[in-house]
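Reader: I've got a structure on my screen and a few things I'd like to ask about it. Could you walk me through some of them?

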Amino acid sequence: MTTTRITTRVFRGTPRNLARLARVLQRGGLVGVPTETVYGLAADAGNARACRAIFRAKGRPASDPLIVHIHDWGQLESIAEPNAAAAMLAAAFWPGPLTLVLPKKSVIPPEVTAGLPSVAIRMPGHPLFRKLLKRCGRPLAAPSANPFGYVSPTTAAHVLSGLRGKIGAILDGGPAQIGLESTIVDVRDPARPRLLRPGAISRKQLERVLRCPVLTAAPGGGDRQRAQLAPGMLKRHYSPRTPVILHERIARTDFAHGAPDEAWLLMRQPRQVALPHVSWLDPQGELRGVARRLFGRLRELDAAGYRCIHVELARGGGLAEAINDRLRRAAARA
Ligand code: TXA
Ligand code: MG
């Protein structure tokens, strides 16, 4: 197969540009799009050829299904079979960083769902992406806009650095406000919802709305049933090239005399430290700031050529579960 390099352009969200990018999508093209979680690589979810192009551009295996983004509930009903649990979660958290897995309808081609009878659906909250979805008038399939396996993009510049020459257009909607991929919950059985991926909407928040426990579907596992339940949840994912070493706690003595070719990434700013190989994610260690900056900082440290990156795990529940999930994947070696 020949791969032609194309010119990649970054567009601001003017009405004219949005109209133009909507036409690109309607004709089966790809567009890098901003969302509040991470940037996505979008195509018409009803167009199998366009969706196959997503997999090619990312180098993503066909076995890893895509998330379909919708503008309104009517679009959900056109592609999936909702139930009471889905309606309750949608009322509480949409538009927002939550993805629901439901039985799919036949308008969604098998390419999108890796042949599964279910489809993952999200109504995103980013105002520019919502405008684009409305103008397109159709659901858009979009995984994160990074080469498969690498850290997800949280700015248009990240998308450009990973997919330049492979896609024609990126819509710049500024830095992603949340910075971690959406929470994914399987609600096909409304009485036994399962958390497939932790995110900014916590398990507790889901349980409060559903009034029942939300169990975890453990990722990775080799057996076939598990692969069907949580496809694409590879242990190693979101990974920088530089080895990542995790620590429950990092003390001053660890980094103060550390080798200068090893980076130390802390959750919060330590007192009186000005060493080039020591940095932090949030001045106060506030988890929302940590999540927002995590992927960008991992990319910077990866590019800086350190021998390894020592990272401190987040503490507490809620967002810490999602942050540590991404850190564990970034550190996994196989
Ligand atoms: O925040 C997000 O979710 C971002 C933005 C762009 O919306 N999207 C995203 O997609 O992170 P990504 O590249 O992580 O891929 C979607 C993942 C798959 O790897 C798989 O784990 C899960 O969603 N998924 C998709 N369809 C599924 C299905 N039918 N059943 C179970 N899991 C599914
Ligand atoms: Mg991804």
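Reader: Leaving aside its neighbours within four places in sequence, which residues is Ser152 in contact with?

Author: Keep in mind that this is a predicted model. Ser152 sits in the loop between strand E7 (140-141) and helix H7 (156-163). Once neighbours within four places in sequence are set aside, its contacts are Val38, Ser144, Asn146, Glu181, Tyr238, Phe295 and Arg299.

Reader: Is Ser152 buried or exposed, and why?

Author: The cut-off for buried is under 20% relative accessible area. Ser152 counts as buried because its relative accessible area is 0%.

Reader: With which side chain does the side chain of Ser152 make a polar contact?

Author: Glu181 is already on the contact list of Ser152. Side chain to side chain, the polar contact spans 2.5 Å, and the partner is Glu181.

Reader: Over to the ligand, then. Which strand gives the largest share of the shell around ligand 1?

Author: The shell around ligand 1 holds 27 residues, with Thr37, Asp64, His69, Ser182 and Arg197 the closest. Strands E4 (67-69), E6 (118-122) and E10 (194-197) each bring at least two residues to that shell. The largest share is four residues, and it comes from E6.

Reader: How many residues of the shell around ligand 1 are nonpolar?

Author: Sorted by class, the shell has five charged and seven polar residues. The nonpolar ones number 15.

Reader: What percentage of the area of ligand 1 does the protein bury?

Author: Start with some polar atoms beside the ligand: a side-chain atom of Thr37 is 2.6 Å from one of the oxygen atoms of ligand 1, and a side-chain atom of Ser118 is 3.0 Å from a nitrogen. From the backbone, a polar atom of Ser144 lies 3.0 Å from a ligand oxygen. On its own, ligand 1 would expose 680 Å², and the share buried by the protein is 98%.

Reader: Which residue in E10 is the bridge partner of Val185?

Author: Val185 belongs to strand E9 (residues 183-186), where Thr183 and Val185 on one side and Ile184 and Asp186 on the other are all buried. E9 runs parallel to strand E5 (residues 98-103), with four bridges between them, and there Val185 partners Leu100. E9 also joins E10 through three bridges, in an antiparallel arrangement. In E10, the partner of Val185 is Leu195.

Key. Residues numbered from 1 in each chain as written. Chains lettered and ligands numbered in written order. Predicted model: local features only at pLDDT ≥ 70, side-chain atom pairs only at ≥ 80, totals over all residues. Heavy atoms only, no water. Near = heavy atom within 4 Å. Polar contact = N/O pair within 3.5 Å; in protein donor to acceptor, adjacent residues only side chain to side chain. Areas by Shrake-Rupley, 256 points an atom, 1.4 Å probe, with all protein chains shown as cover. Nonpolar A, V, L, I, M, F, W, Y, C, P; charged D, E, K, R; others polar. Buried < 20%, exposed > 50% of the residue type's maximum accessible area, 1.4 Å probe, protein only. Pairing = 2+ DSSP bridges. Contact = heavy atoms within 4.5 Å.
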